[in-house]
Amino acid sequence: MALLAIVLSLAACDPKRISELEEGVATEADVRARFGEPENIWDSPAGRVFEYNRQPQGQKNYMITIGPDGKMAALRQVLTPENFARVQPGMAMEDLRKLLGKPARRTPYPLKNETAWEWRWMQPPNAPMVFVATLNDDQRVVSAGSSPDRSTEAP
């Protein structure tokens with residue numbers, strides 16, 4: 001219960017943290033001071049990308065790009081319909097992870113040699129959703145789609 005309270009309080013602080021960071025002005029040190037250590041760091045053509053995950057309790061994942069000049073080039077919430085539309089059959093697991101961040105849950109289906117990755121997200125204006133990408137044993141997407149998040153409904 002205490003962990004849930006901490007995670008929810010961190011997510012509630014995100015809008016304030018974001019408002020304190022300006023693209024092209026904020027430095028890597030500024031980003032780390034407000035968001036802490038990233039879940040993951042990737043190199044990209046635009047610079048280094050820091051992943052700040054809010055799964056499984058939250059409904060957002062942030063990717064913050066630090067340009068070659070050491071300044072924040074972009075801060076994006078990546079759990080969006082536009083990004084989900086980019087998930088296609090054959091997409092590699094690593095590319096999926098770089099696009100959406102760490103999933104809220106991974107569910108293996110050993111008899112089918114598949115694993116379902118789930119991300120909780122909010123469809124505007126306020127509909128809780130779950131995006132699921134199913135990967136085969138080659139770690140490639142075989143199917144993907146969104147549906148209402150039934151875990152948020154009252155019993």
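Colleague: Which side chain meets that of Arg 34 in a salt bridge?

Modeller: This is a predicted model, in which local features need pLDDT of at least 70 and side-chain atom pairs count only at pLDDT 80 or more, while totals for chains, interfaces and linings use all residues. Residues are numbered from 1 along each chain as its sequence is written, and side-chain values use heavy atoms, with hydrogens and water left out. A salt bridge here is a side-chain nitrogen of Lys or Arg within 4 Å of a carboxyl oxygen of Asp or Glu. At 2.9 Å from N to O, the partner of Arg 34 is Glu 20.

Colleague: How many residues apart in sequence are the parts that this pair ties together?

Modeller: Helices (H or I, at least four residues) and strands (E, at least two) are DSSP runs, numbered from the N terminus. Arg 34 lies in helix H2 (residues 28-35) and Glu 20 in the loop between H1 and H2, so the parts tied together are separated in sequence by 14 residues.

Colleague: Are Arg 17 and Asp 14 buried or exposed?

Modeller: These two form a salt bridge whose closest N and O atoms are 3.3 Å apart, and, being three residues apart in helix H1 (residues 2-19), they are separated by about one helical turn. Buried means under 20% relative accessible area, exposed over 50%, and partly exposed in between, with a 1.4 Å probe and protein chains only. By that scale, both Arg 17 and Asp 14 are buried.

Colleague: Which residue forms a salt bridge with Glu 39?

Modeller: Glu 39 counts as partly exposed at 40% relative accessibility. The closest N and O atoms of the pair are 3.4 Å apart, and the partner is Lys 102.

Colleague: Within what arc do the buried residues of H4 fall?

Modeller: In helix H4 (residues 93-100), the buried residues are Leu 96, Arg 97, Leu 99 and Leu 100. Taking the directions from the helix axis to the C-beta atoms, they line one face of the helix, because seen down the axis of H4 they fall within an arc of 165°.

Colleague: How many bridges join strand S7 to strand S8?

Modeller: Strand S7 (residues 127-136) and strand S8 (residues 141-148) run antiparallel, and Ala 133 stands opposite Ala 144 in S8. The hairpin has four residues between the strands, and Gln 139 takes a positive phi near 60° there. The number of bridges joining S7 to S8 is seven.

Colleague: Which residue's backbone nitrogen does the side chain of Asn 136 reach?

Modeller: Asn 136 lies in strand S7, and, leaving aside neighbours within four places in sequence, Asn 136 is in contact with Asn 113, Glu 114 and Val 142. At 2.9 Å, the side chain of Asn 136 reaches the backbone nitrogen of Asp 138.

Methods:
Pairing = 2+ DSSP bridges. Polar contact = N/O pair within 3.5 Å; in protein donor to acceptor, adjacent residues only side chain to side chain. Contact = heavy atoms within 4.5 Å.
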